[in-house]
Amino acid sequence: MAAHPAAKAINTQEITDKARRDLLQLLEAVRGKKNLVLERSLAGTIGLFVKFSTLQEYGVDKVFFLENHNVDSSQRNVIFLLRGDNAKTVRTVAEQIKLVRSESKIDHEFSIIWIPRRTRVSDMVLEEHGVLGEATISELALYFVPLEQDLMSLELESSFSDLYLRKEPTSVFASATALMRLQKQYGLFPRILGKGDNAKRLADLLQRMRSEEDVNASSDPSKTYLTSFGLTPSSVVENLIIIDREVDFPTVLATQLTYQGLIDENFGISNNQIEVDTSVLGGAPAPPQQQSGTAQPPTAATKRKVPLDSSDKLYPSLRDANFATIGPTLNQTARRLQSDQQNIKQQDQSIADLRSFVSKLPSYQAEQASLKTHTGLAEEILKVTRSEVFSAMLEVQQNLLAGSDPSTVHENIEELIARDVPLKTVLRLLCLESCLSNGIRSRDLESFKRQILQAYGFQHILTLADLEKIGLLVPRESHRGYLNPIAGAAGQTATDWNAVRKSLNLWIDDVQETDPNDTAYVFSGYAPLSVRLVQCILQKSYLSGLVNTRPGSTPPTGGGWKGFEDTLTRIRGATVDVTQKGHDADASHARKTLRGSKEGPKVSVVFFLGGVTYAEIAALRFVSGQLEKSSGRRIVIGTTHVISGNRAVGAAVEKRKFVE
Amino acid sequence: MSKATADWTRVGDRFYRRTQLYDSIFDPDLELENYIVTGAPYSGAVALYRDESKIYSFRGSKTAKSSIDLYSCAGKLIRRITWDKGRIVAVGWSAEERLLVVTNDGTVRSYADLQSDFSPFSLGHDAEEYGVTSCKFWSTGFVALLGNNKLVAVTRYDEPRPQALASAPVGEVISWTVIPPEHTSSRSVEVLLAVDGTVHVVDAAECEDRGLQAGPFRHISVSPNGKFISLYTDDGEVWVISSDFQDRLSEYESKVKTPPKDLQWCGNNAIVLAWEDEIHLVGPNGAASKFDDYNSFVHLLPDIDGIRVLTNTVCEFLQKVPDSTEEIYRVGSTSPGSVLLDAVEQLDKKSPKADDNIQMIRSNLDEAVDVCVRAAGQEYSVHRQKQLLKAASFGKSVLDLYNSDDFVDMTEVLRVLNAVRFYEIGLPLSYEQYIRLTPERLVQRLVNRQQYLLALKMSEFLHLPVDRIYVNWARQKVRSSSTDEDSLCEEIVRKLNGKRGVSFEEVAHAAYDEGRGKLAAELLEHEPRAGKQVPLLLSVGEEFVALDKAIESGDTDLVFYVLLNLKKKMPLSSFFRTINSRPVATSIVESSAIDQDQELLKDFYYQDDRRVDGSNLLLSEALAAGDINAAADKMKMAAKLLRDSKEYTAQVAALEDAQKLLRFQEAFEKDLNEPFVGLSVNETLSKLIKTGNMKRSQKVQTEFKVSDKTFSWIRLRALVSRRYWIELEELSKGKKSAIGWEPYFNEILGAGNTKLASLFIPKCTHLAMAERIEMWLKCGLANKAGEEALKAKDRNALEELRTKATGSAQLDIDRMIAQLQKGR
């Protein structure tokens, strides 16, 4: 089946199209040429759904970033396109407007487009600065941005630090709003499941919003007719699974071993793009790196942006594979292309042959170019993974994940610190240990802290304090939660990793990387807890089969978390299980009849609050593929943003230095 | 019953009809010629105000007071707005029946929903200085022409923002009009100004002369669909051109000396010229017809599909006869619809002809039914509606298969239309207007007229939500009722409770606006949306409740909003106490203060006794500080905060070390003339070694208790990076290494010095023989590898080596193999 019905169930393309339409409409509303002022972090996001050339067609002359008071006055119309959550941004806008107004001779027309909504605070700040009346204000309700057909992201880069460092729930609210919009389009999620305290908050907020939606809908006169019957349970979406990142920090901290994951680790994917030296792509030998592990040598080589999405010929088939298998796959492709080329050379005698060759040429060339790019990238990554430091680091990580006594790896970590590997690498290992064993013995921790401060600078007192606040790096004493037997459903404060590792089979010794049979392939042995949680709901029999090899034991049946309640109580955070029913039984019945009585393929939405890694995405795609084969169901992933270990730890890392 | 065609008039090859909607509209004493009349679109309310430029007879002080009177189309007074604020320049309507009154000083008052109080806004400085000359309105905005020929546009009323358009040419504007944004290619409003002999098109960006010469144009008007423009020249000609000024479509000579008082479009294909009591209807291709049977002054109220003509005595609707109607009623029509209608009449007479008729149109009977249904929608006379529907119903019964949806829908629509056309309501909507207006907005219009019962009945009939009606009713109740607050609240709650989607917040707001704070608070408690309660709670002074509600809503923007308001209102210490017990509020204050107001945060941490946070804040300031001394001072303060407690000894020590390091680095910079500040301990060590300052590096090592292991690594890497081979060779003579010797081998090999690297191989005694062989090989010393194998007496390894080796090494290995065999 080329176009699987389930693939159409939640159409992410629609979201892209709508975002583009809405933005262009707003731009069109300002007559004539205009300068566009963007928040830097938004530039990539906007680029995901509209090209710069299209913006130019709509009269955008120049694009500026909001930062250093660089808005120029070359055009009469100035449009600001910004996120409105942050009071600081608003203040900057207000200052810029004042600045331009006082310096420029022309009478400027200012417009501000707030993403995703106009906030009260923004109005208040603008008013305080006396510019509220100066600008035409509108909003662009941009919530989910599809990165792929099965992956929607809110692209809130700061949501990890907001949620866990600053404990600020803005992104919970944004997520709830985004999911609510999804519900408005596709119907209520019949069941909301989740794990983690923030997941609970999100689920509560979703229910609150649902009850408020009735009132909201009717105060918006343009929509009354559509929503006048209230929301009914969806017939395309089966359930919503919310995973709070806090439940599973180790998966983020571990080094991803899929191709896409390693690209992200080494080059940093943002908005489906990476920026690399042209030398890497040219296949030419890159300059020798002083330190294996640093992502970018500080050469002045020109950088190029490489888009990484399903428009690439080879990437979709490569990205989710374990990196160990990438080499052979690329080899095969190269051989195939070569033989194609030879065939063409032999054949090009008649005009007809020539024509068919020419018609094939573009796709052939695209494939060739893609092959070249990926070979270059793979070689670059290989340089890193072959280095001694990388294997030392990986050894520590895999030992920790497999559950060996953490004190055995302490020496290795100390050596890594002495060898001056990047700070984030060290922090990731330490945080991994801390998370897996609920803290590091305080004497060891103090010693590590001292070494880190000496090796990387005393400014990292702040880094370490922030890591502790997030709960990534803590002394063991402060966590006694999981020994408390009465905590129960209220949620644990700590996860009993040893028990969970066993009951959910988080470590698989004989993992197959080439032809994977378990999600553990993404970390070459470790099966991410977050994905296992999803499997608890969607692949009950498979998971219990893994654990219970005894014949005769029956796999758990029923929906929701059923069958895994015991395990869940050993994992930190609240457990969510809500069933949503429509107001109006008749209406939901009618909807069902309209959709056809037979149960169509259904979609599970898995939402990661606080970020998802590419390795997890790969694992979920793997699960989705299995589900699709067995029952035609499918997974769509939603997230606040895509995260990696470096980004998670980076939320805490102090970037300033003592300087004169 | 008069014939359907009685009020038809032929203009060219089309028919136009005048439908009398209502009669005896106004008080006969009302001198309509002295009034300016504007009507809301879609047969909405009509606003009358006295034209100040006309002289009128004095009738005592009572009537002299000027006012704007709002009437329904049937002449029922809806509201009288007394006016004493400056000279009115223009009065206009928006599509949702919002009344806009513009005075010459540029003040605009906007009256929403016919009942409520106005909200004012200004057209800006220029308007104030030069005065407003006139205004042109469209469904969602208007453009004002100022005394200095500047144009100011307002494109939305929910948040009006006057916007200057490109500057217009100088010279007297003889007439002008606007093309609404929805009909222009640029999607922004365009203004057509007739100046001198030509027409200028002005929008936000530019002003363009269209180069017409036949002016000056007394009147200019744009058709409802924005495609055509009609112009009235000084010599009495009417021109119709396309709105892009490319095609000249038709011309008509009025042959009247005086220019008409008004020129308006009637639908999209005819123009009406109005003089005092006479109008001309100009159809396509210059065909025209004259109506001069009005016995008093006429006003034109254009609408999307026709034009309403208003006089003291009648209100009539002039439109092109709809196609379906024409098809059925045209004299001599033999269309299926017409035959079907005739069949029903025959049936009533019990004539067999009825069946003949049906047989005649048998093949297009379905079409005939459709036409009858559609024509019924176009009729104002209930009698003819019934007849047409009866015909349709009859035709339907003969057909085997027919989808009756359209028929049923039409009967429903007609019930609604007839109800609102009733003179008490006075909304003479045509079918077309009803479809465009939408049932929802029609309900809103009924609510505006306080026809709550009809609105409710209609909503139920059409399955529309009813919450807005209840809310509006309650708001009106709050405004007008004088009963005591408790019973009023009780009454409202009783009526509204349990109704889906009812927003108590709006009602509470109305109560608050009326100054009934207590009632507002009481009503607010019934609002289901926590977030919506917040702003009002803030205005009634319930800050803490507002804060809690905001937190409950989960919307951080709201929480932040309340917090900003709170911070302004209360002393800092009590502000801190307030947020202290609310973690969400605390984190929002913290995260916003981090990049805006660190002092506030310091105070907060101090009051809350959060020492580590306070100390870290100071450290962060130290990082931001420009020079070493300031940084050191800040760190001293940071350490001082923590010193009292034992818990933080490690951190205090770190802070002290940091200061110590800075002092060291300062000294090094002075001595060695190299930058050191900003480096970490390890980096300092590395740099000292690289610059050959071993003594100093050892001092730093002991001072900061850097472990031997770490130090060895730093030294090794520093030496290798600088290729200090001699020092490294020196190290190879050492007996012990804290990190073993393998790293030395690896690092030196990595730097490419195989000879030096090989020196370290024999020292790696704890490694297995095979590994050492590998190491030798990496250095390219196969014979040494062979010796290693020989020492271990490993024949297999030697054999393997032999295959890899070349040249003399191969010979050496052969020799060793031989030796090994001999040794046996």
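Let's start with helix H25 of chain B, residues 681-690. This is a predicted model. Eight of the ten residues in this helix are buried, so the rest of the structure largely encloses it. Which residues of H25(B) are buried? They are B:Val681, B:Asn682, B:Thr684, B:Leu685, B:Ser686, B:Lys687, B:Leu688 and B:Ile689.

What do they pack against? Within chain B, helix H24 (649-672), helix H26 (694-703) and helix H27 (708-721). From chain A, helix H20 (442-456) joins in. Just after H25(B) sits B:Gly692, with a positive phi of about 80°.

That brings us to the contact between the chains. Chain B puts in 84 residues, and chain A puts in 67. Together they bury about 6500 Å², with 53% of that on carbon and sulfur atoms. On the chain B side, B:Arg161, B:Arg500 and B:Leu623 lose the most area to chain A. Those three make up 12% of what that side buries.

Eight salt bridges link chain B and chain A. One of them pairs B:Asp613 with A:Lys469, at 3.0 Å from N to O. H24(B) supplies the largest share of chain B's side, nine residues. By type, that side has 36 nonpolar, 21 polar and 27 charged residues.

Last stop, B:Gln451. Where is it? In the chain B loop between helix H10 (439-448) and helix H11 (452-462). Beyond its neighbours within four places in sequence, B:Gln451 touches B:Lys76, B:Glu424, B:Ile425 and B:Leu446. B:Lys320 is 131 residues away from B:Gln451 in sequence, and 31 Å away C-alpha to C-alpha.

Conventions. Residues numbered from 1 in each chain as written. Chains lettered and ligands numbered in written order. Predicted model: local features only at pLDDT ≥ 70, side-chain atom pairs only at ≥ 80, totals over all residues. Heavy atoms only, no water. Helix = DSSP H or I, 4+ residues; strand = E, 2+ residues; numbered from the N terminus. Contact = heavy atoms within 4.5 Å. Buried < 20%, exposed > 50% of the residue type's maximum accessible area, 1.4 Å probe, protein only. Buried area = accessible area lost by both parts, 1.4 Å probe. Salt bridge = Lys/Arg side-chain N within 4 Å of Asp/Glu carboxyl O. Nonpolar A, V, L, I, M, F, W, Y, C, P; charged D, E, K, R; others polar.
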